Amino acid sequence: MKTLSPTYTNPTEPVFFDHLMMNLGKTITIVTMKESLKGKLTGVAIDHLQLSIGDLKYHIRYPQITYFIE
């Protein structure tokens, strides 16, 4: 039996990613195409970030983000 290993490509923006990493653990505002969310940046991954607001954890994919405010 063959084992399948799915792969996909994801365009990256290294400078944007680095700036997010510099703000890990800080409170920032994420502005998306539809709304803005202010919370603590608790995770930065290759394809999304995690923003914690109270007990809620939002996982926001990078293509949805317009910009962020420190």
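Here are legends for a few close-up views of this predicted model.

**View 1**
Five strands make up an open sheet, and reading across it the order is E4-E3-E2-E1-E5. The pairing is antiparallel. At the edges sit E4 (56-61) and E5, each of which pairs on one side only. Going from one strand to the next, the twist averages 45°. As background for this view, strands of a sheet pair through backbone hydrogen bonds, and the pairing can be parallel or antiparallel.

**View 1. E1 meets E2.**
Zoom in on E1 (residues 27-32) and on E2 (residues 36-44), and you'll find them antiparallel, with 5 bridges between them. The link from E1 to E2 is a hairpin through 3 residues. For a handy landmark, look for Val 31, whose bridge partner in E2 is Ser 36.

Thr 29 belongs to strand E1. Is this residue buried or exposed? Its relative accessibility is 16%, and because the cut-off for buried is under 20%, Thr 29 counts as buried. Leaving aside residues up to four places away in sequence, Thr 29 touches Ser 36, Leu 37 and Lys 38, along with Tyr 67, Phe 68 and Ile 69.

**View 2. From E2 through E3 to E4.**
Next come the pairings on the E4 side of the sheet. E2 and E3 run antiparallel and are joined by 4 bridges, and a hairpin of 3 residues takes the chain from E2 to E3. One spot to look for is Lys 40, whose bridge partner in E3 is Ser 52. E3 (residues 48-53) then pairs with E4, also antiparallel, through 6 bridges. Here Ile 53 stands opposite Leu 56 in E4.

**View 3. The largest pocket.**
How much space lies in the largest pocket? About 260 Å³. Its lining includes Asn 10, Pro 11, Thr 12 and Glu 13, plus Pro 14, Phe 16 and Phe 17. Ile 46, Tyr 62, Pro 63, Ile 65 and Thr 66 line the pocket too. H1 has the largest share, with 3 residues. By type, the lining divides into 8 nonpolar, 3 polar and 1 charged.

Key:
Residues are numbered from 1 along each chain as its sequence is written. This is a predicted model: local features need pLDDT of at least 70, side-chain atom pairs count only at pLDDT 80 or more; totals for chains, interfaces and linings use all residues. Side-chain values use heavy atoms; hydrogens and water are left out. On a 1 Å grid over the protein atoms alone, a cavity is a set of points where a 1.4 Å probe fits but cannot get out, and a pocket is an open set with protein on both sides within 12 Å along at least five of seven lines; lining residues have an atom within 4 Å of a point. Grid points are joined across faces, edges and corners, and a volume is the space filled by probe spheres set on the points. Helices (H or I, at least four residues) and strands (E, at least two) are DSSP runs, numbered from the N terminus. Ala, Val, Leu, Ile, Met, Phe, Trp, Tyr, Cys and Pro count as nonpolar, Asp, Glu, Lys and Arg as charged, and the others, Gly among them, as polar. Two strands pair if DSSP finds at least two bridges between them. Axes are lines fitted to C-alpha atoms, for helices over the stretch in contact, and angles run from 0 to 180 degrees between N-to-C directions. Buried means under 20% relative accessible area, exposed over 50%, partly exposed in between (1.4 Å probe, protein chains only). Contact means heavy atoms within 4.5 Å.
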